[in-house]
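Please look over the sequence and the model before reading on.

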Amino acid sequence: MSRHAQQLRDHDINPCVEETDASRKCMDDNNYKKDMCTAYFLKYKNCRKFWHDIMMQRKRSGVKPEMPSAEERRKILESMGKPY
């Protein structure tokens, strides 16, 4: 597996691994008919937007690292409920 592919599977780097997997599974299960997986794509898009907004907010505030760790993200989601 390439280094880039490994990073995409790393929960500390990619906060939307679950949504990625769900979208891919839906495509596999539905013979790659995109219209059957719209809800999964939307959930992935909302996940990416949510964590991008968090990352930008932390960057503006000078918080390092800009992307919270997987453990921090879990706590954020538990406190808010899953917003996407």
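## Two loop residues with positive phi

Tyr 32 sits in the loop that runs between H2 and H3. The model is a predicted one, and in it phi of Tyr 32 is near 60°, a positive value in a residue that is not glycine. Tyr 32 has a relative accessible area of 53%, and because exposed means over 50%, the residue counts as exposed.

Asn 31 belongs to the loop between H2 and H3 as well. Its phi is positive too, at about 55°, although Asn 31 is not a glycine. With 61% relative accessibility, Asn 31 is classed as exposed.

## Overall fold

The chain contains four helices and zero strands, which gives the pattern α-α-α-α when read along the sequence. The C-alpha trace spans about 45 × 30 × 20 Å along its principal axes. Of the contacts with a separation of 6 or more, 47% are between residues 24 or more positions apart.

The chain has 84 residues, and 24% of them count as buried. Its accessible surface is about 6,300 Å², and carbon and sulfur atoms contribute 54% of that area. There are 18 positive and 13 negative side chains; the centres of these two sets are 5 Å apart.

## The nonpolar core and Trp 51

Which residues make up the largest nonpolar core? The set has eight members: Cys 16, Cys 47, Phe 50, Trp 51, Ile 54, Met 67, Leu 77 and Tyr 84. H3 supplies the largest share of this core, with four residues.

Trp 51 is located in helix H3. Its relative accessible area is 1%, so Trp 51 falls under the 20% limit for a buried residue. Beyond its neighbours within four places in sequence, Trp 51 contacts Pro 15, Cys 16, Met 67, Pro 68, Arg 73, Ile 76, Leu 77 and Tyr 84. With Tyr 84 there is also a polar contact, 3.1 Å between the two side chains. Pro 15 is 36 residues away from Trp 51 in sequence, yet the C-alpha atoms of the pair are 7.1 Å apart.

## The loop between H1 and H2

Asn 14 is found in the loop between helix H1 (3–9) and helix H2 (17–29). A polar atom of the Asn 14 side chain lies 2.9 Å from the backbone nitrogen of Cys 16. Cys 16, a member of the nonpolar core, touches Tyr 44, Cys 47, Arg 48 and Trp 51 when residues up to four places away in sequence are not counted.

Asp 12 is also placed in the loop between H1 and H2. At a relative accessible area of 42%, Asp 12 is partly exposed. Leaving out neighbours within four places in sequence, its contacts are Met 67, Pro 68, Ser 69, Ala 70 and Arg 73. Asp 12 and Ser 23 are eleven residues apart in sequence, with their C-alpha atoms 20 Å apart in space.

Arg 58 lies in helix H3, which covers residues 38–61. Although Arg counts as a positive residue, Arg 58 is buried, with a relative accessible area of 13%.

The peptide bond leading from Lys 64 to Pro 65 is cis, and its omega is near -10°.

Notes: Residues are numbered from 1 along each chain as its sequence is written. This is a predicted model: local features need pLDDT of at least 70, side-chain atom pairs count only at pLDDT 80 or more; totals for chains, interfaces and linings use all residues. Side-chain values use heavy atoms; hydrogens and water are left out. Buried means under 20% relative accessible area, exposed over 50%, partly exposed in between (1.4 Å probe, protein chains only). Contact means heavy atoms within 4.5 Å. Accessible areas come from the Shrake-Rupley method with a 1.4 Å probe; for residues, only the protein chains shown count as cover. The place of a charge is taken as NZ of Lys, CZ of Arg, CG of Asp or CD of Glu. A nonpolar core is a set of buried Ala, Val, Leu, Ile, Met, Phe, Trp, Tyr and Cys residues joined through side-chain atoms within 4.5 Å. A polar contact is a pair of N or O atoms within 3.5 Å; within protein, one must be able to donate a hydrogen and the other to accept it, and residues adjacent in sequence count only if both atoms are side-chain atoms.
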